[in-house]
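Here are my notes for your first look at this one. Have the sequence and the model open side by side, and go through the points in order.

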Amino acid sequence: MDAKRLRQQQQEVHHQHRESHSHSPVYQALLRAGPRVRPLQQVHAQIVVLGKCCSLALLTKLLTLACAAGSITYTRRLFLTVPDPDSFLFNSLIKASCQFGFPNDAVFFYRRMRLASISPSNYTFTSVIKACAILSALRLGREIHSHVLVSGYGSDSFVQAALVALYAKSGDLCVSRIVFDKMPERTVVAWNSMISGYEQNGFSREAIGLFYQMREWGVEPDSTTFVSVLSGCAQLGAIGLGCWVHDYVVSNGFDVNVVLGTSLINMYSRCGNVTKAREVFDLMSERNVISWTAMISGYGIHGYGREAMELFGQMRVHGPRPNDVTFVSALSACAHAGLIQEGRCAFADMRQEYGLVPGVEHHVCMVDMLGRAGLLNEAYQFVKELNPGELAPAIWTAMLGACKMHKNFDLGVQVAEHLLAVEPENPGHYVLLSNIYALAGKMDRVELIRNMMIQKGLKKQVGYSTIEVGQKTYLFSNGDKSLPETEEIYRYLDELMSRCSEAGYAPTHKSVMHELEEEEREYALRYHSEKLAIAFGLLKTSPGLTIRVVKNLRMCEDCHSAIKYISVVSNREILVRDRLRFHHFNNGSCSCLDYW
């Protein structure tokens, strides 16, 4: 008789034994006690008095309820008194520990199970691997994966799905995909784990590609699938697919719960349709602090600071208590819209009214808000009053950006020295300082900074833009020539920029490297990634449709100026989401009012 058959027979015997106890008065008392520590301790006392300390059925129920009650210390202490725990008790404890937020204890009970020479089952492995995924414990997960293979459960679909999730959440997408591809039967849980793994690790295009494959295989998606897909759409600006998901959810009667609703708000906001995001928000039957914050953030990144602060005010009166992330969204909205007084009040209320301690992100928002408004002395004073431990590089970066924006070169050099002292390996800081020197006409310093970058082996971050056309996302880098339509795109863009020049556009040469000759500068500016993406969009979409582009970096001043003119000569609305915010270009103006 093989080991699995023997274990099955033993489990049947244990099951019959437990059935006989399920109607006993003590067992019924446990059910009445539920996941409450004090009543459970009283029933525990009855078990001791009645001499039932060896009843595994009663002890298993007591242990799992104690774990569900959140008293893991009591659970552990009680477990150590059990004379001969069986596989059912171990499996119940491992599952409960993982389910109720004690993944470390799930691993502890798994190790005790192995020490007791009790063979784990597929249920054991599924739960303990989930615990490893929660902990992002990749090394431990690999060890348990080897136990899975030795125990003969390598082909179990539940165990495989748990392994896919473990490797994906731990960032090892290659192994995750290998396990996924080897699954003979892929449940919706496995598909969701792989899609979510891609999306959470920044591979949104791969996540969406896998979702299309899932549909081709005839696997029906669920709410969890759509949450990951909507997040991927938000990252890529893929509003076509996002709208399809929304329509599918509504037409198939899905419950738009708080998680799915918040995902829709985030998708619409980050794809440029904040009006639709607000419609979803208003229709939600339940809203938590995350959904309120998502809507406030959506208004903020579009530059609708007044609407963001109005909603923030409603939240404070009628909604859930704001948290520190809510305040980041509110302060950021104030920074983008120039609402200085509202931002100061919100920052003060954080501590005074809500007892929240401002963190790095709140300080960055304050410096950004004051700096954008030209209040450089106040911003710098704010920075100097922070404790040394609070002076994160991001705060100095915001200050340096403000100095560049308002051409305060002397203060910019001081700030840059602080920044390079705390983060000397970040190429972005050198580029920003180089630009400040160039604007001040100190070309010798520009050369010095560039030589330092070369010596340190530092390179500028590569800029790229994406655009969705026909529910397919296309990526462009500066001077990109990878598409078959390259010649057509470049010819069309040349014609477009010629028409813009006739309308009054002039290249902003300070946006490019200062050692280039005049003709080279114009060439370098013309084929920036966002211009190529917009030209492609104009070529491939019907007249009147809005062009939506996502840029990974802050848009340069020349592109910002050029796209205003492009919106006029093409008679199109153009939306560009850069690293900082949204820009709505229409009829020669931008929603940011050049305040970005």
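**Notes on the predicted model**

1. Let's start at Asp594: with 46% relative accessibility, Asp594 counts as partly exposed (buried is under 20% relative accessible area, exposed is over 50%, and partly exposed is in between, using a 1.4 Å probe and protein chains only). Asp594 sits in the segment after strand E6 (589-590); helices (H or I, at least four residues) and strands (E, at least two) are DSSP runs, numbered from the N terminus. Leaving aside neighbours within four places in sequence, Asp594 is in contact with His560 and Lys564, where contact means heavy atoms within 4.5 Å. Between the C-alpha atoms of Asp594 and His560 there is 8.5 Å, with 34 residues separating the two along the chain.

2. A word on what you are looking at. This is a predicted model, in which local features need pLDDT of at least 70 and side-chain atom pairs count only at pLDDT 80 or more, while totals for chains, interfaces and linings use all residues. Residues are numbered from 1 along each chain as its sequence is written, and side-chain values use heavy atoms, with hydrogens and water left out.

3. How confident is the predictor? The mean pLDDT of the protein is 89, and 93% of its residues reach 70 or more; pLDDT is the predictor's confidence in each residue, from 0 to 100. Two stretches need care: pLDDT stays under 50 over residues 1-10, where the model has 8 contacts beyond four places in sequence, and also over residues 513-520, where the model has 11 such contacts. Where pLDDT is low, the predicted coordinates should not be read in detail.

4. Now the overall picture. The protein has 31 helices and 6 strands, and its C-alpha trace spans about 95 × 55 × 55 Å along the principal axes. Of the 596 residues, 51% count as buried. Take the contacts between residues at least 6 apart in sequence: 63% of them join residues at least 24 apart.

5. Which residues touch the most other members of the largest nonpolar core? They are Ile129 and Met399, in a core of 147 residues (a nonpolar core is a set of buried Ala, Val, Leu, Ile, Met, Phe, Trp, Tyr and Cys residues joined through side-chain atoms within 4.5 Å). Helix H10 (residues 157-169) gives the most to this core, with 8 residues. Apart from this core lies another, of 33 residues, among them Tyr490, Ile547, Ile566 and Val569. As for Ile129, its contacts beyond four places in sequence are Ile144, Val148, Val159, Ala162, Leu163 and Leu166.

6. Met194 is worth a click. Met194 belongs to helix H12 (residues 188-200) and counts as buried because its relative accessibility is 0%. Not counting residues up to four places away in sequence, Met194 touches Val164, Leu173, Ser176, Arg177, Phe180 and Leu210. Glu530, by contrast, is 336 residues from Met194 in sequence and 31 Å away in space, C-alpha to C-alpha.

7. Next, Asp494 in helix H28 (residues 486-503). A relative accessible area of 28% is why Asp494 is partly exposed. Beyond four places in sequence, Asp494 is in contact with Arg526 and Tyr527. The C-alpha atoms of Asp494 and Tyr527 are separated by 9.3 Å, and the two residues are 33 apart along the chain.

8. Two serines deserve a backbone check. Ser117, in the loop between helix H7 (103-115) and helix H8 (122-135), has a positive phi of about 60° although it is not a glycine. With a relative accessible area of 66%, Ser117 is exposed. Ser136, in the loop between H8 and helix H9 (138-151), has a phi near 50°, again a positive value in a residue other than glycine. Ser136 counts as partly exposed, at 42% relative accessibility.

9. Last, strand E1 (464-469), strand E3 (547-551) and strand E4 (574-577) each supply at least two residues of the lining of the largest cavity. On a 1 Å grid over the protein atoms alone, a cavity is a set of points where a 1.4 Å probe fits but cannot get out, and lining residues have an atom within 4 Å of a point.
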